[in-house]
Amino acid sequence: MAPSLEPTEPRALYLEGGEVRFQPSGRTVHFSKGEDMLTLARRAHVRLYQTCNGAGTCGKCVVTVNDPVSPLTEEERTALTEEQRADGARLACQVVPLGAVVVTVPETGDLDILAEGLHLNMALRPRVTKEAVEVPPPSLHRPAADLARLQARLGERTILAPHPAMLQSLPLALEQGSGRVTVVRAGGVIVAVEPGDTRDSIYGMAFDIGTTTVVGYLRDLNTGELVEVAASVNPQTAFGADVIARIEHASRTPQGLSELRRAIIQCLNRLIAEACGAAKISPQAVYDLTLAGNTTMLHLALGVPVDSIARAPYAPAVLQALEMPATDLWLKAHPRARVSLLPHVAAYVGADIVADLLSSNLMRRDRMTLLLDFGTNAEIVLGSRKRTVACAAAAGPCFEGGNISCGMRAARGAIYGVRLEDDLLKWDTIGDAAPAGLCGTGLIDLVALLCDHGVIDEAGKLLPPERAPHAPADLRDRVEGEGRQLRFRLAAAEESAVGTALYLTQRDIRELQAAKAAIAAGVRLLCERLGIDPNAISETLMAGAFGNSIRTESGIRLGLLPRGPHTRYRSIGNAAGVGAQMALLSGAARRRAERIAERVEYVELSSEKSFTDVFAEEMYFPPNR
């Protein structure tokens, strides 16, 4: 019997300590001595944005809390302003309740989740099929067994590997259907027999399990039609914003691996129930499932240890495609449903990139094509039908707002675009709300704009007003402070949704430089591996939410995207989700995904001797042209 996935609280938690109430949700949780608010928020299923998994370095998990609580830590004195501290703000990962307290969590809004991608154009050849048959009743003259009569009606000598559950259901199905039954096959093997004609009810779900978001696609396996899409924030974000933080939690925290597995399986089951509920069908009508995601995400879904992914030589437990009963993953679909996990290329080029390549047809192209999938680890693929190489660049979390002083994810109030209008700085926010922070695309726009007008130099240094004489006055006037404390005011306190001013700091610029340098260096080294000039790249495909939203001009201006005379740039949306759906709908597509994973040549950047030098060169922003 599979162990329960329902969250539990150890009895010991009620034996000492007190109660913490989180507002505005009203959820309460009991605490033991020494437990911090971030740990308690996770147990109460209260979402707190943070990127350092409780190390106190990102400064994102800000809450307001009343006494009695532990004193301010040095991490909090560094991260929080005097105004915030005066208002009772604390970092959840640093503050410990000393009695019954109320914690107010700021509203963050819903995350802007990208579900759309390339148009699906392919032949429908699902693994699971249904066939309705009339099975004659037995007689005294020919008292043939139910299974034998079914075999004869299907014209088969024998039914391969009959499952006990199928045999258990066969007599009742024949009785309830008065001999009319529907045979369900998966990969040619009969997995179920249902009473009556149920051919109209056969569905599958494909999942793209991202580090930040999870998207599920419900498809009719008779027609291939997309029936419903369900999406959610990945609940594992409670344990860290990036892959490395989750690997550390799984490896170093008791029960960490089971916590992460439980979180993602519960999420998948919620999305199955949500999609099926919207379509007015039972989850038991879902017979086939396909999972795509990076190597760590799929290992965690399997409950497989991930610590080897984070240390040299970066050898994961498994790279190949897997197929198993959905019950082995505790997925709540048809009892005999199967689940396929797409293959990986390497520890940091996972099944999501294989799905990208499947849907984009990059490896069937004659011209040299670059694929960029931006994230904490930015995956880079370069090639054509002749040869394809790939690498992963440690870009850090800045594209998702992590490690940026006013950074946030792409949720309501996030500044996603910045421009000049009549020489005045203007911003665009998600939901047209008051600005609450700066997401990745807004960061790219802002730094590109400041580079264009000489407020930031080629070395990435923020300059004082007197050293940017040609910049519009509105830009110069927003530069505050002196020396290393210079910062650029993006929004005043009275303009922002959080009641404090939003600033771009020198440290923020360095974070972006490091991320863009890692990616640009990866592109250059892949070009060297193929023996081509970057100008030979004919098209750049940008996958994922960040790639779908970035302004190409800003990316080129900063050197994040390659500049070439013949290069075209195209956003391909959630290409991983499209690839997962292709694998769901076609056995041929699944087999092609396996060939893709085998053919892609992986380049480990940390072992490339020239990487450090190239990275240092790419830290500079291109000169203004």
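1. Which residues gather in a patch of positive charge on the surface? They are Arg125, Arg364, Arg591 and Arg595. A patch is made of residues with over 30% relative accessible area and no salt bridge, like charges being joined within 9 Å.

2. The model is predicted: local features need pLDDT of at least 70 and side-chain atom pairs pLDDT 80 or more, while totals for chains, interfaces and linings use all residues. Residues are numbered from 1 along each chain as its sequence is written, and side-chain values use heavy atoms, with hydrogens and water left out.

3. A search of the whole structure gives 27 salt bridges, a salt bridge being a side-chain nitrogen of Lys or Arg within 4 Å of a carboxyl oxygen of Asp or Glu. One network of salt bridges links Arg127, Asp288, Glu323 and Arg338.

4. Arg365 and Glu539 form a salt bridge at 2.6 Å, N to O. This pair links distant parts of the chain, 174 residues apart. Both residues are buried, that is, under 20% relative accessible area with a 1.4 Å probe and protein chains only.

5. Glu618 forms a salt bridge with Lys516 at 4.0 Å, N to O, and another with Arg524, where the closest N and O atoms are 3.0 Å apart. Glu618 is buried, at 15% relative accessible area. Lys516 is likewise buried, at 2%, whereas Arg524, at 25%, counts as partly exposed, the class between buried and exposed (over 50%).

6. Overall, buried residues make up 55% of the 625 residues. The C-alpha trace spans about 105 × 65 × 45 Å along its principal axes.

Definitions and conventions
Patches are made of residues with over 30% relative accessible area and no salt bridge: like charges are joined within 9 Å, nonpolar side chains (Val, Leu, Ile, Met, Phe, Trp, Tyr) within 5 Å. Accessible areas come from the Shrake-Rupley method with a 1.4 Å probe; for residues, only the protein chains shown count as cover. Lys and Arg count as positive and Asp and Glu as negative; His and the chain ends are not counted. The place of a charge is taken as NZ of Lys, CZ of Arg, CG of Asp or CD of Glu. Helices (H or I, at least four residues) and strands (E, at least two) are DSSP runs, numbered from the N terminus.
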